[in-house]
Amino acid sequence: MIRPRVTVGLVVAGVWLASALLCPAVGAPAPADEVIEDPEDDLRPRVRPAPRRRAAPRRRAAAAEEVIDDPEDKHRPSPQKGAQPKQATPGPAFVPRILVGGSLGLWTAFDVRHEGRRRGVAGDQRATEDVFEMLTRARLNVESRFRKWAKVRVEARLTHWASCERPGSDQVLWLGNGEAWRSRAEVELGEAYVDLYLGPVDLRLGQQIVSWGLGELINPNDVVNPRDLRQGLLAFDDDRRLPVLAVRAAVHWRWLKVEVVWLPFFKAHRMDLYGSDFALLGPGASSRLAEAEHQIERLLDPTLHRFAQPLLLQTRRPADDLTASTAGFRLSTSRRGWDVALQYFFGWDLTPALSVDEQVYGMAMEGRLFINQSINLAALLPLVEGRSLYRSTYEHTHQLGLSVGKAFEHLAVKLDVSYQPDRGFIRTDPVAGPFGNDVLNLRVEHHTLLSALSVEYAWGSKLVAQLQGVHLALLDRRRADPRELMGFLREAHAALVVGYVRLQLLRQTLLITAAAAVDLLHGSFTLAPMVHYKITDQWRVGVGALVFEGKPDTLFGAWTRNDHLWADVRWSF
Amino acid sequence: MCRTLFLGLILGSLMLGGEAYAGLTAKQIVDRAMKHSYLGKDGSQATVRMTLTNQRGARRVRSLLIWSQRLEKRTRSLVRITAPADVRGTSFLFKENASGQDDMWLYIPALKRTRRIVGKARQGRFLGSDFTYADLEARGLKSAVHKRLADAKIARFACYVIEARPKAGSGSAYLRIVAWIRKDNFVAIRLKMYDQRDKLIKKLFVRRLGRNAAGKPVIKETRMANVQQRTSTLMRVLSSKSLGGGASGLFTVRNLARGL
């Protein structure tokens, strides 16, 4: 009776022994897998495994997949057909990828401190004001990493801007009765570059944005790209840097990164001289400058305003050849929580260097430029004599920068310091006569030190707060210097405090942001609260406000008439 | 004689198969469990889909590419978002350090800047999901005082049950974490996280487990539920490919900013 059981037991034991010790391929999978080289294991021996051997364990692996339902979970996901994870497959480390994306956004703003219709009212010499604005922006980008060592990105941008004024101070504006409509449309290439990753060297060729410095609010070392300043000087919700054609090489050597950038051509800031809320001579500018807008508008027919602006901003551009090229380098390192960088940039000072014929300037100051609604012919006399009435050019500048950042337990501290020995400013105070036949140079150069110290704090992903102190020092400016620069700067230094708080709620679908900047010397400030909500992953809506407060002829007080409420909607794909 | 031999063999096989690690300490068990990453398989590039479900049952989907590898006994991970469109290209780099806090960087394509993630930012939701950055690092489980509780079974699997109390200064948001670690493969298939008031806040469950070609377990689907907010996140590895050799250059700040 016992003998058959013993026999069966011996057979089972024999098979088990044989399978475990002598025949791993038939027996338990684990020992067998230790013998077969794993194509996905980077620590495997250098011998390349044979394809047939790779295939066998994969099939076994597929069968070995386990799905376990949490017995405690009442809301466990139901099994989804057709969404089974694929098994790991051996493959090359690199797979070519291509991504197409873009966005379409509509932003509208309504001026809450407008002063009624200005243009066309007899005797009204105030500058034009944008009461209603509409900005439509479309972006389309294609990015492809077609080789492990190469990537290409091309972006197309379409922007349409339109604005109108209220028909009268006692009338409600709706789009149908808006008057003095102005608009512009721009189709342009955004970023368009080729990346080449050649060993320790990363090369980027083409139209690009170069981010230097550490700060994310005001960054004195972010000097390579010009900005689009037509919607204001400070932007808290948008990157207003304009891509520039450049060659950039970054060499990585141990813990040091050396970056060299070369810009073959000149590109200026994009700004309006007049005709919009944030124009240099617009309604928000200081009173003396705003008066100048009116005089320009009287000189030119309205149909020519759009075309005259670029000419007035730059009567002479740097040549469109390699003589206008600029270059810079940056050394940076990141060790033990410290980020340190040193940079030098030989570029263009993007503040235009303005000069005016002294006679014309004197006549403008004395109110003799026009007589009975017509231009005073005496103002054109310099033209007869072969002199320019007005010149706007650009000068070279040198910039030295230092950036230091340190990450602490709960805070990150960043310092950006920029020194320019020849930074240009536009003189905006009335120059006293007598005036001769020379050219009056309104550009004032100073040894300029601009520093920004930022402290960043994050509480989970719910709250991000940044506080920044910005200090501008004109090192060689005398205390008794009476000249006013840029419409607000009458001292040898200026100080700003910038704050930014972002709160993300409802699983990051509701975004509440408040940004503010305070001019400590003159007490003027700007405030930009905004709320965004993601309806879906593609659609986002937002509302916000932009408020300026302060005395006229201060940094932010000058723009008080530009307070507005805005709303936007954006679709991304 | 034969019967004794047979019974001995059976007993031996049982011991080798199941209880050979009975003498392991809680720390040793956790150390072995830490080799399995929720961010995909070691040494691979994975395509991952995260499904976020809110209190009302509405779902949002995030798609990620995740590169992960253990180098010099430390985990390195690079995460790149491919969807939704408004955050596409945003990338994260995680670097585990032997001591102290791990290094984390974030690349924001809209700003063209790389930013360090510091301190409490690690306790923030990862892409709005129920995972925090710290959860992905499993930092709360690693830098902790461990205690073995009575073994238990989940479904048909025998598990070690370990209680981990994160050390002061580890930056963990949890008072304690209880982990169910399978005895057969050392995968922590269930984690329960308790907040500072010792109330259950989150539950993690490894729902789908695959095996790689070597037969090693690979986490394929993980569900994290926030029981207080009644939200959940399902993280599913859709596919994975081997990184091959020479992948260490992937896990650098330099590569983070390359995008795509």
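Predicted model: local features only at pLDDT ≥ 70, side-chain atom pairs only at ≥ 80, totals over all residues.

Me: In chain B, where is the confidence lowest and where is it highest?

Reply: The pLDDT is the predictor's confidence in each residue, from 0 to 100, and for chain B its mean is 80, with 82% of the residues at 70 or more. Over residues 1–20 of chain B the pLDDT is below 50. The lowest mean in chain B, 41, belongs to helix α1 (residues 2–19) of chain B, and the highest, 93, to strand β9 (residues 176–182) of chain B.

Me: Over which residues of chain A does the pLDDT stay under 50?

Reply: Chain A has a mean pLDDT of 79, and 75% of its residues reach 70 or more. One stretch under 50 has 58 contacts beyond four places in sequence in the model, where a contact means that the C-beta atoms of two residues, placed from the backbone, lie within 7 Å. That stretch is residues 17–63 of chain A, and the pLDDT is also below 50 over residues 85–92 of chain A.

Me: What ipTM does the predictor give the complex?

Reply: Besides the values for each chain, the predictor scores the complex as a whole. Its pTM is 0.78, and its ipTM is 0.75.

Me: How many helices and strands does chain A have?

Reply: Helices (H or I, at least four residues) and strands (E, at least two) are DSSP runs, numbered from the N terminus. By this reading chain B has 5 helices and 13 strands. Chain A has 7 helices and 22 strands.

Me: What share of the residues in chain A is buried?

Reply: A residue is buried if 20 or more other C-beta atoms lie within 10 Å of its own, exposed if 12 or fewer, and partly exposed in between, with C-beta atoms placed from the backbone. In chain B, 51% of the 260 residues count as buried. For the 573 residues in chain A, the buried share is 28%.

Me: Is A:Thr536 buried or exposed?

Reply: A:Thr536 lies in the loop between β20 (525–534) and β21 (539–549) of chain A. Because 11 other C-beta atoms lie within 10 Å, A:Thr536 is exposed.

Me: Which residues in helix α6 (residues 358–365) of chain A are buried?

Reply: The cover over the buried residues of α6(A) includes β10 (338–357), α7 (381–384) and β15 (439–441) of chain A. The buried residues in this helix are A:Gln359, A:Val360, A:Tyr361 and A:Gly362.

Me: Over how many bridges do strand β2 (residues 97–111) and strand β3 (residues 132–147) of chain A pair?

Reply: Two strands pair if DSSP finds at least two bridges between them. β2(A) is joined to strand β22 (residues 564–572) of chain A by 9 bridges in an antiparallel arrangement, in which A:Ser103 stands opposite A:Ser572. With β3(A), where A:Asn141 is the bridge partner of A:Gly101, β2(A) pairs in the antiparallel sense, and the number of bridges is 14.

Me: Which residue in the turn between β10(B) and β11(B) has a positive phi?

Reply: Strand β10 (residues 188–194) of chain B has 5 of its 7 residues buried, and β10(B) pairs in the antiparallel sense with β9(B) over 6 bridges and with strand β11 (residues 200–211) of chain B over 5 bridges. In the hairpin of β9(B) and β10(B), the turn residue B:Phe186 has a positive phi of about 60°. In the hairpin of β10(B) and β11(B), which has 5 residues between the strands, the residue with a positive phi of about 60° is B:Asp198.

Definitions and conventions:
Residues numbered from 1 in each chain as written. Chains lettered and ligands numbered in written order.
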